[in-house]
Amino acid sequence: MRAQIEGSQAVAEAVVLCRPEVIAAYPISPQTHIVERLSRMVKQGDAGRCQYLNVESEFAALSVLIGASAAGARTYTATTSQGLLFMAEAVYNAAGLGLPIVMTIANRAVGAPINIWNDHSDSMALRDAGWIQLYAETNQEAADLHIQAFQLAEQLSSPVMVCMDGYILTHAYEPVDVPDQNLVDAFLPPFSPVQVLDPSDPISIGSMVGPEAFTEVKYLAYQQQLRALALVPEVAGDFERQFHRLSGGLCTPYRMEDADIAVIALGSVIGTIKDAVDELRLEGIAAGCVKIGCYRPFPSLQLRAALEGVSRAIVVEKDLAVGMGGIVSVDIRMALQGSAVPVHTVIAGLGGRSISIASLKRMVIEARAERLNEPHFLDLNTTVIDAEQSRRREQRRAGPVAEQVLRAVNAIGARTT
Amino acid sequence: MMQVRIHGRGGQGVVTAAELLSMAAFTDGRYAQAFPSFGSERMGAPVTAFCRIDERVIRTREAVTQPDVVIVQDPTLLHQVDVFGGLSTQGYVLINSTRSVEELGLDEFLNTFPHGHVCVVPAGDIGVKHMKRPIANTPLLGGFAAATGAIKIESVVSAIRQKFPGSLGARNADAAREAHDLVVSRLRDDKGVLHARAN
């Protein structure tokens with residue numbers, strides 16, 4: 001039923017529609033509303049025979065699910081930021097053991113400095129842990145991707161992260177059509193594991209593997225994840241037939257047919273970029289945009305095809321590889337290997353900074369005029385940067401950076417919200 | 001598209017107000033999007049929440065910097081935070097206060113707005129009357145419906161009842177209705193800047 005609800009509620013309801021059997025989670029903003037709602041639904045008996053475990057940490061949450069999944073249960077958790085990093089060891093283990101766990105990442109910055117707001121630093125840090133990574137543009141897509149995620153995970157015996165922007169999506173109220181149970185049941189059959197711990201038919205899972213076989217096991221994992229490049233669009237297609245709307249997929253172009261310049265991004269900023277593209281079009285600039293819906297495995301060929309014909313590409317990414325620059329833009333350059341299309345890296349929206357249509361339009365115009373730095377930091381306050389850098393040059397004992405920058409920003413912008 | 005920015009302090013139901021507004025707009029058959037601002041979250045700290053209402057799908061996620069409507073739940077913010085920043089000159093202002101625009105020191109600025117676009121509503125007092133606490137968010141939503149005509153008061157009431165079942169919802173709904181009726185009656189007088197003060 002279509003309703004005006006919070007993103008977290010939509011996701012919790014979608015997860016319950018998938019009939020999970022074990023949920024283990026540890027609350028952390030901005031994931032909290034999802035797991036609070038799930039725990040209430042389980043307690044009230046609205047989630048069938050699902051068990052909800054209130055664990056002592058994120059590490060425990062995923063460790064519990066590794067056990068439950070290996071015993072044949074459909075499992076789910078959610079986390080973010082420091083919580084994801086705290087469970088990092090188990091994140092790799094879940095993938096290495098081929099367990100189809102589904103986890104929501106309510107994307108949030110990673111400290112220090114501590115910041116509870118949105119960017120993609122957390123899921124990007126674990127992009128190569130062996131999980132499939134999907135990114136949602138809207139709350140409708142976030143809800144739908146969870147239904148698709150269980151399907152993908154169980155077909156591939158691979159865990160899936162559904163990444164949705166913290167606060168921007170998790171705490172946003174917007175219309176979401178939460179599907180009917182019978183439609184979800186028809187789309188997602190009960191979990192039939194390829195490996196299961198069963199006392200009546202004992203097996204080992206998690207053996208130590210030495211140099212004689214480790215490469216082969218890893219190669220098979222690599223091949224297995226690449227299968228998702230065919231399966232993700234197939235599942236999105238099945239989903240569209242069943243639910244009559246487009247959600248998911250590898251990458252989705254917008255006004256790219258005759259685009260001269262493409263903006264590439266992941267997640268909820270795609271909506272803002274689409275509005276910026278429309279305004280640029282009215283001003284005579286042939287802009288388009290490409291949404292990366294599936295980031296791992298990385299759809300190189302599909303992105304290369306989507307970018308065919310553009311003379312310039314800008315990657316807007318909510319992350320920063322200190323000592324390198326962009327993360328997604330490096331992958332895009334790989335995908336465009338051999339082509340002469342310049343690829344710009346734009347770091348934007350770090351720690352919850354609002355990405356405005358005006359800034360995005362300015363970015364496109366500056367890129368066309370070859371005036372973007374590499375990497376370019378969107379809306380960087382250079383006054384504060386210059387003041388802090390000169391202050392640090394002048395005194396050895398300059399003190400902590402974060403506190404000084406906060407003081408400088410407050411002195412400059414005391415009357416802004 | 002109508003863009004609304006709501007100012008208050010942590011604990012005053014600022015985010016809830018934006019959510020309720022979006023639910024009311026949805027009930028009216030519009031597209032709506034509500035979301036909190038991205039600043040420190042703690043009791044008493046200035047908090048901002050946003051709501052967009054449109055006839056078509058809303059895609060942008062940027063913070064509202066050029067609002068059509070500003071709602072101020074806590075008048076102590078008026079001279080502390082730039083609550084009117086970017087506000088359209090044809091926009092609407094709703095302020096929770098028992099004082100007049102002159103007493104608030106805002107007459108010079110607010111007198112430039114169109115007739116009936118500025119409402120100072122004793123929302124906190126209405127909250128005390130119905131809920132024994134100076135809850136201003138739901139009364140101000142009633143005032144919003146009356147002043148702007150952008151949503152129906154029935155939709156505001158149904159959003160409140162949906163979010164807060166039982167007597168809490170009923171009392172909040174009564175408070176919203178009272179503020180709505182107060183603003184409607186003052187609008188009938190049409191004296192330019194609207195001092196919807198309780199008698």
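1. In chain A, 6 strands build an open sheet with mixed pairing. Their order across the sheet is 9-11-10-13-14-15. The model is a predicted one.

2. The edges of this sheet are strand 9 (251-254) and strand 15 (376-377) of chain A. Each of these edge strands pairs on one side only.

3. Strand 10 (residues 261-265) and strand 11 (residues 287-292) of chain A pair in the parallel sense. Their pairing runs over 5 bridges.

4. Helix 13 (residues 328-335) of chain A lies across strand 10, strand 13 (312-317) and strand 14 (343-347) of chain A. Helix 13 runs at about 150° to strand 13 of chain A.

5. Helix 14 (residues 357-368) of chain A also packs on the sheet. Helix 14 touches strand 10, strand 11, strand 13 and strand 14 of chain A. The direction of helix 14 makes about 140° with that of strand 13 of chain A.

6. Now the contact between the chains. Chain A brings 23 residues to the contact and chain B brings 21 residues. On the side of chain A that touches chain B, strand 8 (173-177) and helix 11 (269-282) of chain A each supply at least two residues. Helix 11 of chain A gives the most to that side, with 5 residues.

7. What is the make-up by class of the side of chain A that touches chain B? That side has 9 nonpolar, 10 polar and 4 charged residues.

Terms used:
Residues are numbered from 1 along each chain as its sequence is written. Chains are lettered from A and ligands numbered from 1 in the order in which they are written. This is a predicted model: local features need pLDDT of at least 70, side-chain atom pairs count only at pLDDT 80 or more; totals for chains, interfaces and linings use all residues. Two residues are in contact if their C-beta atoms, placed from the backbone, lie within 7 Å. Helices (H or I, at least four residues) and strands (E, at least two) are DSSP runs, numbered from the N terminus. Ala, Val, Leu, Ile, Met, Phe, Trp, Tyr, Cys and Pro count as nonpolar, Asp, Glu, Lys and Arg as charged, and the others, Gly among them, as polar. Two strands pair if DSSP finds at least two bridges between them. Axes are lines fitted to C-alpha atoms, for helices over the stretch in contact, and angles run from 0 to 180 degrees between N-to-C directions.
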